[in-house]
Number of protein chains: 2
Amino acid sequence: MSNIVDKVDVLIIGAGPAGLTAANCFNGSNGLRVRVIDKKSSTVQTGKADGLKSISLEVLDTFGIGDAVRNESQRVEEVVLWEPNGQGGVARSMTIPDRVPELRKPREMTLDQGRIEHHMATNLIRKGNVQISWETQPVDLQINHQLIEDPLAYPVTVVVRSMANGNACIETIHARYVVACDGARSWTRKHLNIPLTGDLTDSTWGVMDAVPKTNFPDIRKVCVVHSAKGTVMAVPREKKMVRFYIAMDGPDLDVTAALNESALTVDHVVDAARSIFHPYTFEVGEVIWWSAYQVGQRVADEFSKEDRVFLAGDAVHTHSPKAGQGMNTSIQDAYNIGWKLRFHLEQRCSRSLLTSYEQERRPIAQQLINFDREYLELFANPNLEFEGFLAAYKTAMKFTTGIGIQYDPSLIVESPVLGKTGIVATALSPGMRLPDFQMVNQADGVPTTLYHRLLMNGQFRILIFAGDISKQQLFRRYLKFGEWLTRFSHKNEKIEAITIHSAERTSIELMDLPEVFRPWNDEDGWDYWRVYTDDESYHDGHGKAYQRCGIDADTGCLVLIRPDGYASLICKMEETIQITNFFEGLRPIDSGVITHTARL
Amino acid sequence: MSNIVDKVDVLIIGAGPAGLTAANCFNGSNGLRVRVIDKKSSTVQTGKADGLKSISLEVLDTFGIGDAVRNESQRVEEVVLWEPNGQGGVARSMTIPDRVPELRKPREMTLDQGRIEHHMATNLIRKGNVQISWETQPVDLQINHQLIEDPLAYPVTVVVRSMANGNACIETIHARYVVACDGARSWTRKHLNIPLTGDLTDSTWGVMDAVPKTNFPDIRKVCVVHSAKGTVMAVPREKKMVRFYIAMDGPDLDVTAALNESALTVDHVVDAARSIFHPYTFEVGEVIWWSAYQVGQRVADEFSKEDRVFLAGDAVHTHSPKAGQGMNTSIQDAYNIGWKLRFHLEQRCSRSLLTSYEQERRPIAQQLINFDREYLELFANPNLEFEGFLAAYKTAMKFTTGIGIQYDPSLIVESPVLGKTGIVATALSPGMRLPDFQMVNQADGVPTTLYHRLLMNGQFRILIFAGDISKQQLFRRYLKFGEWLTRFSHKNEKIEAITIHSAERTSIELMDLPEVFRPWNDEDGWDYWRVYTDDESYHDGHGKAYQRCGIDADTGCLVLIRPDGYASLICKMEETIQITNFFEGLRPIDSGVITHTARL
């Protein structure tokens with residue numbers, strides 16, 4: 001066995017959706033060395049998670065792969081509830097449009113986890129600066145506590161065993177940071193002795209991806225079928241597949257309630273489904289994947305060790321898959337720590353940024369568990385009550401769209417009160433994610449959406465809601481802001497300022513705007529993707545961005561937006577001092593201590 | 001040199017957009033052997049064509065790759081005209097939205113030809129039944145005239161030379177049919193002594209893909225800039241590229257008018273552009289590709305030899321690239337002959353189908369040349385007149401959207417008069433292509449568009465505009481049609497019947513419709529993609545399909561649609577005899593003559 005040594009800025013353990021999300025946060029990061037390891041030999045081939053909420057697709061948009069994933073996915077348009085019909089069968093009781101009007105787009109799509117991973121992994125290969133090592137797993141991990149606060153150190157040492165190409169090989173990896181996305185049975189979590197708090201529920205569930213042959217009329221919709229024999233949840237999938245979740249302990253299923261996970265066979269699962277769907281026919285053609293599990297509802301006590309090793313995704317929270325939140329929450333976790341590590345390492349800003357990861361994400365996991373518990377209880381209730389279900393469904397929106405999530409004030413989320421601003425964007429707030437509105441490019445008239453534009457580059461951005469700049473007074477205010485921005489940009493050249501004005505597009509000439517709003521580059525000229533308008537497009541309607549954000553076109557505002565789309569601060573066009581102060585707080589580590597001697 | 005022999009049903013010469021389109025028509029065709037050869041070593045890397053009209057994107061939709069191409073493309077939203085300002089510079093005179101309201105989507109996108117080819121070639125590899133041989137070119141082609149009408153023969157013998165992997169190799173390919181898509185300098189056309197009729201114009205043009213550095217305000221729009229110094233046309237492209245067409249013989253350009261194609265350098269082209277854009281600055285960053293050419297406006301006298309060798313695309317028509325019609329017309333040519341060959345070979349229908357290729361496509365090429373001549377004259381006119389330009393622009397729509405194209409009656413296009421139908425679809429006609437309307441799937445509520453649904457499978461389809469089948473009378477009529485369809489489907493099992501009703505989606509249950517409208521398959525159950533409604537979708541508005549087709553919801557109609565989206569016949573729901581008669585005319589070759597001895 002050879003003894004190889006590697007040094008990386010970030011080591012990511014696990015190449016599932018969470019690990020690959022964290023890795024994609026480093027796309028285009030020059031100079032940082034990022035490595036992903038996974039014990040599997042490739043992306044997953046079948047099964048596992050399959051639901052992508054709009055917020056996850058927006059994350060994929062910022063990686064440049066959202067539309068490719070959408071092209072392959074099955075959209076979900078309706079949720080249908082069935083209940084016992086009192087004659088031994090079931091009857092449709094309610095059809096709910098799967099629609100959140102505020103989103104103005106589908107809330108949910110489904111696709112095989114392996115395909116989602118495929119797009120994420122391919123994107124890393126295309127961008128070229130992140131390496132994935134398959135068939136490689138950690139066998140030891142040590143943190144050198146003396147070096148924790150040393151900005152140049154590689155305090156984490158991970159020994160990994162690789163079986164790539166059939167040759168066993170031990171490698172020692174020195175990492176500045178580690179992100180562990182190694183799943184519900186996380187090696188890293190166990191190795192670090194981080195407890196999971198919570199319970200295994202009593203329920204055993206069968207889960208199956210199959211092509212059903214049935215005359216059940218709602219098989220291509222999300223449906224929850226509650227019969228006297230038990231409960232099934234079905235989710236339509238790409239091609240002709242359907243994902244089924246089946247409670248294996250219904251009151252008098254044909255299969256015995258005593259069955260446990262390991263004794264279950266796929267025939268038990270199919271039989272249970274058939275008995276629940278009765279009197280509709282139910283057979284399965286191809287079974288692509290199936291599994292059985294007991295639901296654990298648990299959250300890790302810590303999401304990080306010393307802010308040098310971070311855990312994300314299933315490694316720190318497990319719950320039922322039925323609310324479709326596992327992969328989505330994991331992606332959000334990884335996106336959160338991913339950009340923070342990149343920003344910290346690239347900008348050399350203080351490590352205190354990193355403490356916000358656990359502060360922001362652990363409460364979300366806890367809320368999710370509580371929600372999941374209620375959701376499961378609803379499921380377990382043989383007399384499913386519609387009002388209750390609808391209420392739970394509406395609560396689910398909170399997680400699924402990100403609309404209801406609000407992070408607490410911190411180094412990177414200004415307190416609304418401290419801002420002393422008065423409310424200039426009634427539908428926005430620091431700590432909340434911006435809606436994905438459509439806007440029209442000033443230069444070419446092509447509409448895009450916010451998150452298609454905000455490609456992940458690890459940077460904060462200033463969104464300038466300048467209002468109707470065809471009005472002289474507002475244009476003068478915009479020019480004045482431009483003077484400040486010119487000074488600011490000298491010191492913060494990487495921070496993009498993006499104008500979203502609300503004048504008629506044809507009333508504005510891009511070349512009449514000050515250069516700072518459409519910066520020059522000696523290599524390729526002006527930047528045509530910095531100025532947008534909230535105007536009618538030729539082919540795709542009006543985005544109503546101002547209306548959706550609650551911004552008055554005469555007042556306008558500035559929104560400082562984090563790399564992950566959450567607002568850091570919102571202020572008036574004149575209150576630039578707030579932005580200056582914000583970046584003071586994030587100032588780089590004193591460059592005096594930087595030398596090129598790394599300490600291991 | 002080895003002497004290899006191969007036998008193929010179809011040999012396609014040339015793997016450009018035309019050849020790859022023809023090849024993609026055979027995707028999923030079991031039992032047919034199709035081969036593509038090309039002397040290049042791969043798809044093109046830079047330059048050449050770049051404009052994709054909506055009709056071409058619809059073709060790509062039927063191959064399943066339209067959205068992938070859209071994702072990479074630059075949309076065109078506006079066309080802007082500039083004219084001399086009388087002071088030695090230029091002034092904007094007119095901005096025309098690049099919009100055809102009937103389309104309800106963008107009319108045009110631009111993308112590097114190589115990327116379009118990439119998606120088409122990758123699709124062939126994914127589908128697996130068409131082989132591409134690069135670095136392989138024809139050196140001889142002979143047609144055995146005695147075997148022309150023999151349904152089992154391989155009457156075309158093509159000798160090819162391959163240089164793949166550096167080894168020269170001669171191969172003899174026996175083909176039932178050959179499609180030559182080998183470009184403007186077509187080896188096949190010359191070898192078969194088919195004359196091109198028409199002229200080379202006097203104009204020499206420079207064409208260039210570059211990243212411009214300019215303060216010209218419309219550089220991200222399609223613009224035609226007519227200065228006292230000459231004319232430039234600029235087309236925005238993906239990334240930061242712009243395609244420039246520059247007349248190299250303007251009245252007093254800094255470069256001499258005497259310059260000919262071979263003496264031209266890229267600096268001449270850039271200098272000419274700079275002098276036309278004056279007083280705006282104009283420099284170029286990266287020049288990705290450039291070329292010079294004289295415009296030839298010529299059409300081949302024949303598009304086929306004996307209906308055994310067909311020529312398509314630039315091999316049979318050349319014209320200026322400025323109307324953006326070269327690649328688009330080539331794709332339509334190849335799509336036309338591609339499906340006809342597949343249908344003939346798979347269904348063993350008579351060869352007379354194949355004569356319709358030249359009948360349909362040669363007049364289009366001729367119309368295109370005439371249009372191109374007028375378009376070029378407009379360009380050459382130093383006093384560009386807006387009304388004239390606008391008129392030419394509107395004429396261009398005819399080609400660019402396919403809306404204005406109407407093929408003559410033939411074996412596969414019923415005469416509207418012979419139909420004796422009365423008009424049941426006021427906006428449709430036999431020989432015209434259907435608009436790409438949105439429709440909502442009955443089973444899952446997901447909206448799609450017609451051409452996303454009509455994946456190329458080489459088959460005719462029956463579109464059943466059944467009207468509002470929530471009304472008893474119309475439902476009874478639909479049931480009655482279903483009885484006929486059941487009988488018809490026994491004999492024509494491959495022909496899909498697709499219902500597009502106009503009832504509210506929630507008022508209809510798919511499982512209440514007769515089985516023939518949602519056929520059963522023992523392997524994977526019911527077909528959920530046969531019944532659609534012209535109803536409001538949850539997230540994407542209303543497709544207004546009936547309105548766009550001019551179909552009354554009470555009358556309804558049947559549209560027999562060709563594999564390429566053109567209507568063959570349109571009749572009332574009761575006039576099923578017309579469909580029966582149509583397929584009688586296409587009946588297979590008498591199976592009595594079929595043996596398994598192929599004659600070479």
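View 1. B:Phe465 and B:Tyr546 are both buried (under 20% relative accessible area, with exposed meaning over 50% and partly exposed in between, for a 1.4 Å probe and protein chains only). The model is predicted: local features need pLDDT of at least 70 and side-chain atom pairs pLDDT 80 or more, while totals for chains, interfaces and linings use all residues. Residues are numbered from 1 along each chain as its sequence is written, chains are lettered from A and ligands numbered from 1 in the order written, and side-chain values use heavy atoms, without hydrogens and water.

View 2. Over all chains the count of aromatic pairs is 56 (rings of Phe, Tyr and Trp, the last by its six-membered ring, with centres within 6.5 Å; planes under 30 degrees apart are stacked, over 60 edge-to-face, the rest tilted). The A:Phe481 and A:Trp484 pair is tilted, because the ring centres are 5.5 Å apart and the planes stand at 35°. Both residues belong to H11 (residues 472-491) of chain A, three residues apart, or about one turn of the helix. Helices (H or I, at least four residues) and strands (E, at least two) are DSSP runs, numbered from the N terminus. Both A:Phe481 and A:Trp484 are buried. By comparison, the B:Phe465 and B:Tyr546 pair is edge-to-face, at 5.5 Å centre to centre and 80° between the planes. B:Phe465 lies in strand E22 (residues 461-467) and B:Tyr546 in helix H12 (residues 545-549) of chain B, so this pair ties together parts 81 residues apart in sequence. A:Phe481 and A:Trp484 are members of one aromatic cluster, which also includes A:Trp339, A:Phe343 and A:Phe583.

**View 3. Seven-stranded open sheet of chain A.** The strand order is E21-E20-E26-E23-E22-E27-E28, with mixed pairing (two strands pair if DSSP finds at least two bridges between them). Strands E21 (447-449) and E28 (567-571) of chain A stand at the edges with a single partner strand each, so one side of each has no neighbour in the sheet. Neighbouring strands are turned by 30° against each other on average, direction ignored. Strand E20 (residues 438-441) of chain A runs antiparallel to E21(A) and is joined to it by three bridges; A:Met439 has A:Thr448 as its bridge partner. H11(A) packs on the sheet, touching E22, E23 and E27 of chain A, and its direction makes about 165° with that of E22(A). Helix H13 (residues 576-585) of chain A touches E22, E27 and E28 of chain A, at about 155° to the direction of E28(A). Contact means heavy atoms within 4.5 Å; axes are lines fitted to C-alpha atoms, for helices over the stretch in contact, and angles run from 0 to 180 degrees between N-to-C directions.

**View 4. Arginines over tyrosine rings.** A:Arg433 lies over the face of A:Tyr451, 4.2 Å from the ring centre. In chain B, B:Arg176 lies over the face of B:Tyr154 at 4.5 Å from the ring centre. The criterion is NZ of Lys or CZ of Arg within 6 Å of the ring centre and within 35 degrees of the ring normal.

**View 5. Interface between chain B and chain A.** Chain B contributes 48 residues to the contact and chain A 48 residues. The buried area is about 3,900 Å², with 51% from carbon and sulfur atoms (accessible area, 1.4 Å probe, that two parts lose on being put together, summed over both). B:Lys240, B:Tyr538 and B:His539 supply 19% of the area that chain B buries against chain A, more than any other three residues.
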